[in-house]
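User: I would like to go through some of the labels attached to this model and ask what each of them rests on.

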Amino acid sequence: ADIAAEKELYVTKEKKKLEEDKPKEKTEGEKTKFNLAKTGLKSIGNVESIYEKDPNILNKQLIPGKFLSRSFDSALFSTVDTLLRIRTGATAPEEEIRRYINAYGPQFGDKPEDVKFKLDNLKNALISEGGLSEEEVNKFSPKTKKISQVPLQTQQPQIQQRGFPTALGGI
């Protein structure tokens, strides 16, 4: 009788252990945050890719009309919008998104290590707020070169009297 009781106790413990090891089903809210985080990681991957291809993109944000930085600005906007949506569960007003971009996104004058730091912070916020595991991050996060490996800008743009970069011929 003792052996049967011990066996039953052992089987019960093993079943409980298996149940604990099973991934728990996500709630609808968790699934939404998870999917938004994946979208945000794709957007920030686009930001990193654009910056990697053209480290002077931050300088181009100064050009009136922002025609030369439109893709970068759009990807950064999407990243921040997604993060705010994860945090609040609602769409943030455009002014609030722009405030976050100005406060936490890369800006003209940032050194490459500052850009990397800011983008890493945004990426880490998406990961933690979206509830992504390390395995999920490795699966969904774009594989891009580290921003710190991007060559340093060799020359700051020259500004004429009215503030237009000379690369465009000024006024």
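User: Which element gives the largest share of the lining of the second largest pocket?

Analyst: In this predicted model, the largest share of that lining comes from H5, which contributes three residues. The elements that give two or more residues to the lining are helix H4 (70–88) and helix H5 (94–104). The lining as a whole consists of Gln 61, Lys 66, Asp 73, Leu 76, Arg 98, Ile 101, Asn 102, Pro 106 and Gln 107, and the pocket has a volume of about 180 Å³.

User: How do you know how the residues of this lining divide into nonpolar, polar and charged?

Analyst: The division is three nonpolar, three polar and three charged.

User: Why is the contact between Lys 31 and Glu 28 called a salt bridge?

Analyst: The N to O distance between the two side chains is 3.7 Å, and because the cut-off for a Lys or Arg nitrogen and an Asp or Glu carboxyl oxygen is within 4 Å, the pair qualifies. Lys 31 and Glu 28 are three residues apart in helix H2 (residues 28–53), so about one helical turn separates them.

User: What makes Lys 31 partly exposed, and Glu 28 exposed?

Analyst: Exposed means over 50% relative accessible area and buried under 20%. Glu 28, at 58%, is therefore exposed, whereas Lys 31, at 31%, lies in between and so counts as partly exposed.

User: Why does the salt bridge between Lys 123 and Glu 48 tie together parts that are apart in sequence?

Analyst: The side chains of Lys 123 and Glu 48 meet at 3.1 Å, N to O. Because Lys 123 lies in helix H6 (residues 112–130) and Glu 48 in helix H2, the pair ties together parts that are 75 residues apart in sequence. Both Lys 123 and Glu 48 are buried.

User: How do you know whether Lys 118 and Asp 110, which also meet in a salt bridge, are buried or exposed?

Analyst: The relative accessibility of Lys 118 is 19% and that of Asp 110 is 15%; since buried means under 20%, each of them is therefore buried. Their side chains meet at 2.8 Å, N to O.

User: Which residues do salt bridges with shared partners join into one network?

Analyst: Glu 25, Glu 28 and Lys 31 are joined in this way, and the structure holds 10 salt bridges.

Definitions and conventions
Residues are numbered from 1 along each chain as its sequence is written. This is a predicted model: local features need pLDDT of at least 70, side-chain atom pairs count only at pLDDT 80 or more; totals for chains, interfaces and linings use all residues. Side-chain values use heavy atoms; hydrogens and water are left out. On a 1 Å grid over the protein atoms alone, a cavity is a set of points where a 1.4 Å probe fits but cannot get out, and a pocket is an open set with protein on both sides within 12 Å along at least five of seven lines; lining residues have an atom within 4 Å of a point. Grid points are joined across faces, edges and corners, and a volume is the space filled by probe spheres set on the points. Helices (H or I, at least four residues) and strands (E, at least two) are DSSP runs, numbered from the N terminus. Ala, Val, Leu, Ile, Met, Phe, Trp, Tyr, Cys and Pro count as nonpolar, Asp, Glu, Lys and Arg as charged, and the others, Gly among them, as polar. Buried means under 20% relative accessible area, exposed over 50%, partly exposed in between (1.4 Å probe, protein chains only).
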